[in-house]
Structures are given as structure tokens and as C-alpha cells.
Amino acid sequence: EASGVIIPVEVTAAGTYNIVLHGRATQDGTPGTGAVSVADGASADFSFAKAGAWQDVTVQLALPAGVSQLDINRGSGNGLFDIDYIEVK
């Protein structure tokens, strides 16, 4: 079973939000790929190109008003990444 992390986020109004993932790939020469999803099934794939170098990757997801659970996981990717923090904008 794939591992992931679930992070609760709260927004005041429903809408499409930018989810900024600050992370890095963990293997030289192999992009670290994964997905971030919400409980209602909306999902977006992401990829960190560089190993060792922290970088920002932005995906967009529709979030309902209130608290949502963001699930950051390997999805259909390889899961070779580290996440330092996320921002919802």
C-alpha cells in the first residue's frame, strides 16, 4: 500500500486554489512524481525535477468552503520526493 500524508486545510470560500508544494526529488536524474488530492476525488499530478534542490511546484485544485483533507501521495507516480511544506493560495 502506498504511503502518503494527509494535511487538513481550511478556506473561507469555495473555489479553485493554487497549492504550492515545496519539495525535491530524492534520486539524481529521476524526477520525483506524485499527486495531491482532496476527499471529493479532485486530484492533480506534480513533479520535482531536481534531486537535492528544494523547489516550488504549483498545482490547482477546487476546494469547498471549510476544512478539506489534502492527501499528498505517490498517485500513479514514482513517489521519489520529499515535501518540506505546502501553501494554499
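Strand S6, which spans residues 66–73, runs antiparallel to strand S1 and is joined to S1 by 8 bridges. Within this pairing, Ile-7 has Leu-70 of S6 as its bridge partner. The model described here is a predicted one.

The pair of S1 and S6 belongs to an open sheet of 4 strands, arranged in the order S1-S6-S3-S4 with antiparallel pairing. The edges of this sheet are formed by S1 (4–11) and S4 (43–48); each has a single partner strand, so one side of each is left without a neighbour in the sheet. On average, and with direction ignored, neighbouring strands of the sheet are turned by 25 degrees against each other.

At the other end of the strand order, S3 and S4 run antiparallel and are joined by 6 bridges. These two strands form a hairpin with 4 residues between them, and in this hairpin Gly-41 adopts a positive phi near 105 degrees.

When its neighbours within four places in sequence are left aside, Ser-37 is in contact with Ala-42, Ser-43, Leu-61, Gln-69, Leu-70, Asp-71 and Asn-73. One of these contacts, Leu-70, is also the residue of S6 that is the bridge partner of Ile-7.

What does a search of the whole structure find in the way of salt bridges? The search finds 1 salt bridge. In this salt bridge the side chains of Asp-82 and Arg-24 meet, at 3.2 Å from N to O. Asp-82 lies in strand S7 (residues 81–88) and Arg-24 in strand S2 (residues 15–25), so the pair ties together parts that are 58 residues apart in sequence. Both residues of the pair are partly exposed: Asp-82 has a relative accessible area of 30%, and Arg-24 has a relative accessibility of 24%.

How values were computed. Residues numbered from 1 in each chain as written. Predicted model: local features only at pLDDT ≥ 70, side-chain atom pairs only at ≥ 80, totals over all residues. Heavy atoms only, no water. Pairing = 2+ DSSP bridges. Axes fitted to C-alpha atoms, helices over the stretch in contact; angles between N-to-C directions. Contact = heavy atoms within 4.5 Å. Salt bridge = Lys/Arg side-chain N within 4 Å of Asp/Glu carboxyl O. Buried < 20%, exposed > 50% of the residue type's maximum accessible area, 1.4 Å probe, protein only.
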